[in-house]
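Reader: I would like to go through one model feature by feature. Please give the general idea each time, then the case at hand.

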Amino acid sequence: MHVSIMKAREVFQVYQRLLNRRPYLVQAIQTGTLMGAGDLISQTLIEKKSLKEADYSRTLKFSSIGFCFGGPALRVWYGLLNRHVGSSGKTVALKKVFIDQAVFAPTFLIFLLMSVGTLQGKTWDSIKDDISSNYLDILKTNYYRTMDALELVSSNKIFGGFQNVYSHESSELKCKMNFSVYLPPQAERGDIKLPVVFYLSGLTCSEQNFITKSGFQRYAAEHGIIVVGPDTSPRGIKIPGDDKGDFGVAAGFYLDATKDPWSNNYRMGSYVNKELYDLILNAFENVADANKIGIMGHSMGGHGALISTLRNPGQYKSVSAFAPICNPSACPWGENAFSGYLGEDKSKWAEWDATELVKKYDGPPLTLLLDQGAADNFYIKKQLLPENLVEACRSVGVPVILNLREGYDHSYYFISTFIGEHLGFHAKILKA
Ligand SMILES: N[C@@H](CCC(=O)N[C@@H](CS)C(=O)NCC(=O)O)C(=O)O
């Protein structure tokens, strides 16, 4: 699995390089391929043709429209938008979506319907008929899809940057989710790519706790780091037994549940590491550096940061955690959550347990940074077990730093004291 993930990453990097070097050609090939594939999917899934019956000349016509016109037109259009609207700032994304949907979408759709008609050998009159009967329906469907995308919930200026909260419909979790994005002042002009650090919160938290209590923005602004904070579980889905505080709502444990009734929505592992990860890199393409991504977290979120890194070698270049649940298979919180989400087979638990995962880690070199308050009741009651993780790291030679902080507890008072050190640690690795 590690090998295939590394390969996928390399392919993505080659793609990025090609896109920088030959933007028009790459966009043309991409749009051509997508339009061809779209036609083939429509013929097989919607028109119910078999692959033998499919009209491949129609597929080729769609591809060539994408290659010759769609791709280059998109490239020119996004270039114009970047030049005239800018590429970052509080309202830039919203302005761009608005102009794109108000100007480009209606114009391009007419052009597309005309090209398709022409390539199908239709007369001008029948093309006009097609346009008058289909145009508004297609445009409306497109508008509904756009509105589904990203919604800005709030935006506040802090330490020269903006603390934003967005919401979106998650396909993994099948519900509406909030997440936070801090854009430091260095993102304002949109002409430099910055490191991104994901922060995963603990039990009972939403995306709000970290952004209102930790004071991380001062240090993110200092280092020029974008910080993204997802929520901790699916929201608004009522499943009996989901309100226990350490299981269900606000306790997704950053894994993909396999046991009913949780497996349909409780997919925080894929949500964070695939859906949200890709969404951030796409939506903030101009300012987020896809090669400089780190992850950190607190308690259940510390466990999330560690397993996300260990399960996806190379995806996160830096990782750190505050009071993480280090060995969930061996503590009451973890046993309760894992048996509920994954069932009783403990071999499946090991796939989501940092202490087990690190023993099999086979990826780029990593140093784990852990901070633990010595007066943390959950540490004292053996919910967190950092020593188990440190021992496992030592057994396989993975470097780990464990700072035991005298007198500190489990709260955000502890996190806010050391958050600057953690962001400094990420900055050092990601900016190297
Ligand atoms: N479920 C436990 C843990 C609650 C807790 O301490 N949550 C931590 C994360 S594990 C937190 O960040 N709470 C929110 C906050 O302090 O703002 C309890 O209810 O005592």
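Author: Eight of the 11 residues of strand β6 (residues 288-298) are buried, so the strand is largely enclosed by the rest of the structure. Buried means that 20 or more other C-beta atoms lie within 10 Å of a residue's own, exposed means 12 or fewer, and partly exposed is in between, with C-beta atoms placed from the backbone. Strands (E, at least two residues) and helices (H or I, at least four) are DSSP runs numbered from the N terminus. This is a predicted model: local features need pLDDT of at least 70, side-chain atom pairs count only at pLDDT 80 or more, and totals for chains, interfaces and linings use all residues. Residues are numbered from 1 along each chain as its sequence is written.

Reader: Which strand is joined to β6 by six bridges?

Author: Two strands pair if DSSP finds at least two bridges between them. Here strand β4 (residues 194-200) runs parallel to β6, and leucine 194 has alanine 288 of β6 as its bridge partner. β6 also pairs in the parallel sense with strand β7 (residues 318-322), over five bridges; there glycine 294 is partnered by serine 318 of β7.

Reader: What unit do β6, helix α9 (residues 300-311) and β7 make?

Author: A crossover is right-handed if, with the strands pointing away from the viewer, the path from the first strand over the helix to the second runs clockwise. These three elements make a right-handed β-α-β unit.

Reader: Where does UniProt place the feature "active site"?

Author: UniProt positions are given in the numbering used here, with shortened feature names, and annotations may be inferred rather than shown by experiment. The unreviewed entry places this feature at Ser299, Asp376 and His410. They span 112 residues in sequence, yet no two of their C-alpha atoms are more than 11.0 Å apart, so they gather at one spot.

Reader: Is serine 299 buried or exposed?

Author: Serine 299 is buried, with 25 other C-beta atoms within 10 Å. Serine 299 sits in the loop between β6 and α9.

Reader: Which residues does a cis peptide bond join?

Author: The bond joins aspartate 260 and proline 261, with omega about 0°. Proline 261 is in the loop between β5 (226-230) and α8 (268-283).
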